Amino acid sequence: MALDMGMFETINPSRFITFTIPSPPLSHHDHRNDNHLLRVAVLDSPVQLSDSLAQPQVALMFVPKHREHDWIFSTESGHLQLLLSCHQFSRLILIGDEPTTDDSPDLPITTKHDSFDQKSLEDSVKPLVIALSRKFCFDKNGIYNVPLLSYEDNVVSSVVLEKCVGDFAGEMLVEDVEIESEGGECPKREFRRRLRFKRMPNLVQTEVKLVPEAAISLDSVKIGGKVRFRPHIGVLVHVYLVPMVASCALIGSYIGERIRFGFRPKALCVGVGGGALVSFLRTQLDFEVVGVEMDEVVLRVARQYFGLEDGEFLQVSVGDAIEFLEKLAHQIVGKNPDSFGACSLKDGNFLDNSDRVDNKFDVIMVDLDSGDARNGTSAPPLEFVRKDVLLAARLILSDFGIFVMNVIPPNRSFYDMLIQEFREVFQELYEIDVGNEENFVLIATGLSIVSSGSDCENAFGKKLRLLISGEYMDSIRKI
């Protein structure tokens with residue numbers, strides 16, 4: 001069926017259209033067969049221009065070579081995340097090789113250093129781009145003005161280990177990647193394992209460092225080869241997890257005293273994902289950890305691929321985090337724990353066995369994203385900052401405990417609203433700017449913190465500084 005090009009003369013919020021065209025020959029040396037197709041995807045932003053008289057802007061992006069199967073480029077949700085990351089554009093046109101069903105998903109894919117004649121392709125598709133944006137692709141002087149955007153990340157090569165579907169998270173994949181490290185002229189080779197969800201493919205849910213199971217020179221190692229890797233849970237590589245752990249420095253003296261008198265500090269982690277945070281708190285800082293994860297398949301993946309191991313001091317359950325918090329809070333105030341209905345925990349039955357879970361935690365850490373690509377990449381979900389949920393969290397904090405949340409604000413007003421909600425429940429607020437122009441770590445306390453000046457002198461403070469960047473510990477700011 002012929003495509004009506006007239007439909008592209010207006011911006012229709014959230015309209016998403018894909019089609020294929022024959023791939024133009026790029027040079028005399030282009031030996032691709034005549035059946036080679038390009039996939040064209042056109043997405044209009046769900047966000048309308050604040051100035052109704054302003055002319056919408058259109059941008060073009062070519063899919064990096066060999067990345068046409070990646071959900072970032074092959075799905076509407078990935079396309080939307082790309083578009084929303086460039087706020088000034090109302091339409092993003094993606095052009096790349098058509099994904100085929102012939103390629104085995106478990107074969108390693110090299111992405112860096114594979115190039116194509118981008119200028120020739122841009123010239124070849126220019127008439128198509130004009131047809132897809134005729135009213136928006138020329139400036140007031142009649143000059144063609146469709147910026148060519150490029151997608152850059154640090155992935156050198158990757159291989160998908162498994163794709164699966166969870167009841168809550170939906171489609172997800174586990175992949176091993178080699179990344180470019182920042183090492184100057186002689187960068188070190190680094191290998192990571194990642195968990196990504198199809199609903200927000202640009203957001204890495206979990207990332208852990210990989211090391212070969214056997215002692216071997218990394219020069220001979222490649223992703224997808226014969227060398228077997230294992231996750232190294234003793235370090236944190238996900239950019240915002242180190243600042244989240246650094247928040248413990250605020251109550252370092254309190255935690256150190258608990259340890260000195262023979263008590264383990266206790267942490268509740270809301271949103272387990274691949275388990276990097278819960279594993280680190282348990283194995284490196286000797287916390288007793290309880291984790292709550294909504295999706296049972298995610299926990300299965302965490303145990304199989306990311307080194308998560310349940311034990312005496314690390315217990316994770318499948319269940320709704322808000323129900324979990326509220327039920328524990330009701331147990332504390334002596335009300336009927338069933339007043340909020342049944343909580344569908346499957347693995348630990350924590351809420352029905354008070355002997356297994358002491359209801360007070362020294363640290364509560366929340367790492368949940370909104371789960372809706374239409375809002376861009378944002379965290380936490382709005383329902384998790386309702387006043388009743390925050391009150392429940394404060395009730396289950398120990399007197400000198402901290403409530404720590406990973407925040408990705410889609411805009412400043414969201415962050416200001418979040419801070420205001422916290423101020424109505426908690427005594428003091430602190431923040432750590434992760435420094436990636438995206439994440440903030442928000443820290444709340446039930447009581448005012450009185451610094452003893454010895455947080456870095458006690459054994460816990462010293463250990464914490466050895467394990468993570470002291471830079472984040474020193475950058476905690478009261479707000």
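A: Thr445 is buried, with a relative accessible area of 1%; buried means under 20% relative accessible area, exposed over 50% and partly exposed in between, with a 1.4 Å probe and protein chains only.

Q: What kind of model is this, and how are residues numbered?
A: The model is predicted, so local features need pLDDT of at least 70 and side-chain atom pairs count only at pLDDT 80 or more, while totals for chains, interfaces and linings use all residues. Residues are numbered from 1 along each chain as its sequence is written, and side-chain values use heavy atoms, with hydrogens and water left out.

Q: Which strand is Thr445 in?
A: Thr445 is in strand S18, residues 440-445. Strands (E, at least two residues) and helices (H or I, at least four) are DSSP runs, numbered from the N terminus.

Q: What does the Thr445 side chain reach?
A: The backbone oxygen of Leu447, at 2.7 Å.

Q: And which residues is Thr445 in contact with, leaving aside neighbours within four places in sequence?
A: Gly401, Ile402, Phe426, Gln427, Glu428 and Tyr430. Contact means heavy atoms within 4.5 Å.

Q: Glu428 is on that list. Which salt bridge is Glu428 in?
A: Its side chain meets that of Lys478, at 3.2 Å from N to O. Lys478 lies in strand S19 (residues 477-478) and Glu428 in strand S17 (residues 428-433), so the pair ties together parts 50 residues apart in sequence. A salt bridge here is a side-chain nitrogen of Lys or Arg within 4 Å of a carboxyl oxygen of Asp or Glu.

Q: Is Glu428 buried or exposed?
A: Buried, at 8% relative accessible area.

Q: What does Arg477 pair with?
A: Arg477 forms a salt bridge with Glu431, at 2.4 Å from N to O. That pair also links distant parts of the chain, with Arg477 in strand S19 and Glu431 in strand S17, 46 residues apart. Arg477 is partly exposed at 45% relative accessibility, whereas Glu431 is buried at 8%.

Q: Switching to helices. What about Glu257 and Arg260?
A: They form a salt bridge, with the closest N and O atoms 3.0 Å apart. The two are three residues apart in helix H5 (residues 252-260), which means a separation of about one helical turn. Glu257 is partly exposed at 36%, and Arg260 is exposed at 57%.

Q: Why does that spacing work in an α-helix?
A: An α-helix has 3.6 residues a turn, so residues three or four places apart point the same way.

Q: How many residues of H2 are buried?
A: Eight of the nine in helix H2 (residues 76-84). The buried residues of H2 pack against strands S1 (16-22), S2 (37-44), S3 (58-62) and S4 (91-97), and against helix H1 (71-74).

Q: Where does Leu285 sit?
A: In helix H6, residues 276-285, where Leu285 is buried at 1% relative accessibility. Among its contacts beyond four places in sequence are Val245, Phe460 and Leu464. Leu285 and Val245 are 40 residues apart in sequence, with 9.7 Å between their C-alpha atoms.

Q: And the whole chain: how many helices and strands?
A: There are 12 helices and 19 strands. Buried residues make up 50% of the 479 residues.

Q: How many salt bridges altogether?
A: The count is 28. One network of salt bridges links Arg67, Asp70, Asp153, Glu175 and Arg196.

Technical notes
Polar contact = N/O pair within 3.5 Å; in protein donor to acceptor, adjacent residues only side chain to side chain.
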